[in-house]
Amino acid sequence: MSLEEQYEQIERYLAEALSPEEQQAFEARLQEDAALAREVKLHRELARSLNDEKVNALRGQLKNIDQGWAAPTDQQPTKRISLNWRQLAGVAAIIAIGILAYTFLNRGPASLTNDELFAQHFSPYRLVLDERSAAPSEADQLRAAISSYETGNYDQATERFQQLQNTAPDNVLYTFYTALSQLSNERPTEAIPLLQGLLQKGTHLFVQQSRWYLALAHLDNNDSENAKAVLRQIQEGDYQYEAAQAILATDNSE
């Protein structure tokens, strides 16, 4: 399914315009695809925030852009431009980004919700593990966990990293990626104690990353107070310091 088709299906789903069969199939995908679930959540938040006046203003801006692309009216022959599906997807992505930018710039940072802040700042941390870093008895399980994480199957990734964590409880990375799999799967309450435990361990390579993702987990759990308390602990030069300051500057009292 192309990006444009996915956007259209999301909008039809939110407008309750899908057939019963289409809705059942779409909701089944939502249960299995965490990235799609986050996209639906973001579309829902945008739909709530954009009133008719802003929608019309945005349409006017897009219309002006379209007019700027109009073919010349002189006698010179014009070149026909055709776009393949990748280019069309790119245009759709640019329009989507424009909608997001327009929304956030017009609303201002003071009106962002915790869900919007989380969606704006969260992305799963890149994998730094491979099977060569595991004990021979763990290699197959780690290979499977890595595959699940990289393909976005965070249910399986959680299960497999948890098994590795049980086998090697002192391995910080197994705990970290268990927490990230939970958080990627919209389960902040399960991720929070794991990340807190990592911070309590003291010095290790992933202290700064654990602190950042703990703050995001509190945001996803709609806990502004604890999120900002953790963000204030992020010092200049630390991982995601600038992003932490941007969130702290947002007066979101939910």
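In the predicted model, helix 9 (residues 172-184) packs against helix 11 (residues 207-220) with an angle of about 25 degrees between them and their axes 11 Å apart. Helix 9 is therefore roughly parallel to helix 11, since angles under 35 degrees fall in that class. The crossing of the two helices, helix 9 and helix 11, is left-handed. On the side of helix 9 the contact is made by Phe176, Leu180 and Leu183, and on the side of helix 11 by Gln209, Ser210, Tyr213, Ala217 and Asp220. By class, the residues in this contact of helix 9 with helix 11 are five nonpolar, two polar and one charged.

Helix 11 also packs against helix 13. The axes of helix 11 and helix 13 come within 11 Å of each other and cross at roughly 30 degrees. This pair, helix 11 and helix 13, is therefore also described as roughly parallel, and its crossing is left-handed. Helix 11 contributes Trp212, Leu216 and Leu219 to the contact, while helix 13 contributes Ala243, Ala244 and Ile247. In the contact of helix 11 with helix 13, six residues are nonpolar, with no polar and no charged residues.

These helices belong to a chain that has 13 helices and zero strands. Read along the sequence, the pattern is α-α-α-α-α-α-α-α-α-α-α-α-α. The chain has 254 residues, of which 39% count as buried.

The largest nonpolar core has 46 residues. Within this core, the residues with the most contacts are Tyr149, Phe161, Phe176, Tyr177, Leu195, Trp212 and Tyr213. Two or more residues of the core come from each of helix 6 (114-121), helix 7 (139-150), helix 8 (154-167), helix 9, helix 10 (188-200), helix 11, helix 12 (224-231) and helix 13 (241-248). Helix 9 gives the most to this core, with eight residues. A second, separate core has seven residues, including Ile10, Leu30, Leu36 and Val40.

Several residues of the contacts described above can be followed individually. Tyrosine 213, named in the contact of helix 9 with helix 11, is also listed among the residues with the most contacts inside the largest core. Apart from neighbours within four places in sequence, tyrosine 213 is in contact with Phe122, Ser123, Pro124, Tyr125, Phe176, Leu180, Leu183, Leu195 and Tyr239. Phe176, Leu180 and Leu183 in this list are the residues that helix 9 brings to its contact with helix 11.

Serine 210 is located in helix 11. The residue is buried, because the relative accessible area of serine 210 is 0%. When residues up to four places away in sequence are not counted, serine 210 touches Phe176, Leu195, Leu198, Leu199 and His204.

Threonine 178 is found in helix 9. With a relative accessible area of 0%, threonine 178 counts as buried. Leaving aside neighbours within four places in sequence, threonine 178 is in contact with Thr158, Phe161, Gln162, Gln165 and Leu194. Threonine 178 lies 14 residues from leucine 164 in sequence, and the C-alpha atoms of the two are 9.1 Å apart in space.

Glutamate 186, which is not a glycine, has a positive phi near 65 degrees. Glutamate 186 is placed in the loop between helix 9 and helix 10. Its relative accessibility is 27%, so glutamate 186 counts as partly exposed. Glutamine 240 likewise has a positive phi, of about 65 degrees, although it is not a glycine. The loop that holds glutamine 240 runs between helix 12 and helix 13. At 28% relative accessibility, glutamine 240 counts as partly exposed.

Conventions
Residues are numbered from 1 along each chain as its sequence is written. This is a predicted model: local features need pLDDT of at least 70, side-chain atom pairs count only at pLDDT 80 or more; totals for chains, interfaces and linings use all residues. Side-chain values use heavy atoms; hydrogens and water are left out. Axes are lines fitted to C-alpha atoms, for helices over the stretch in contact, and angles run from 0 to 180 degrees between N-to-C directions. Helices (H or I, at least four residues) and strands (E, at least two) are DSSP runs, numbered from the N terminus. Angles under 35 degrees count as roughly parallel, over 145 as roughly antiparallel, 65 to 115 as roughly perpendicular and the rest as oblique. A crossing is left-handed if the near helix is turned anticlockwise from the far one by less than a right angle, and right-handed if clockwise. Contact means heavy atoms within 4.5 Å. Ala, Val, Leu, Ile, Met, Phe, Trp, Tyr, Cys and Pro count as nonpolar, Asp, Glu, Lys and Arg as charged, and the others, Gly among them, as polar. A nonpolar core is a set of buried Ala, Val, Leu, Ile, Met, Phe, Trp, Tyr and Cys residues joined through side-chain atoms within 4.5 Å. Buried means under 20% relative accessible area, exposed over 50%, partly exposed in between (1.4 Å probe, protein chains only).
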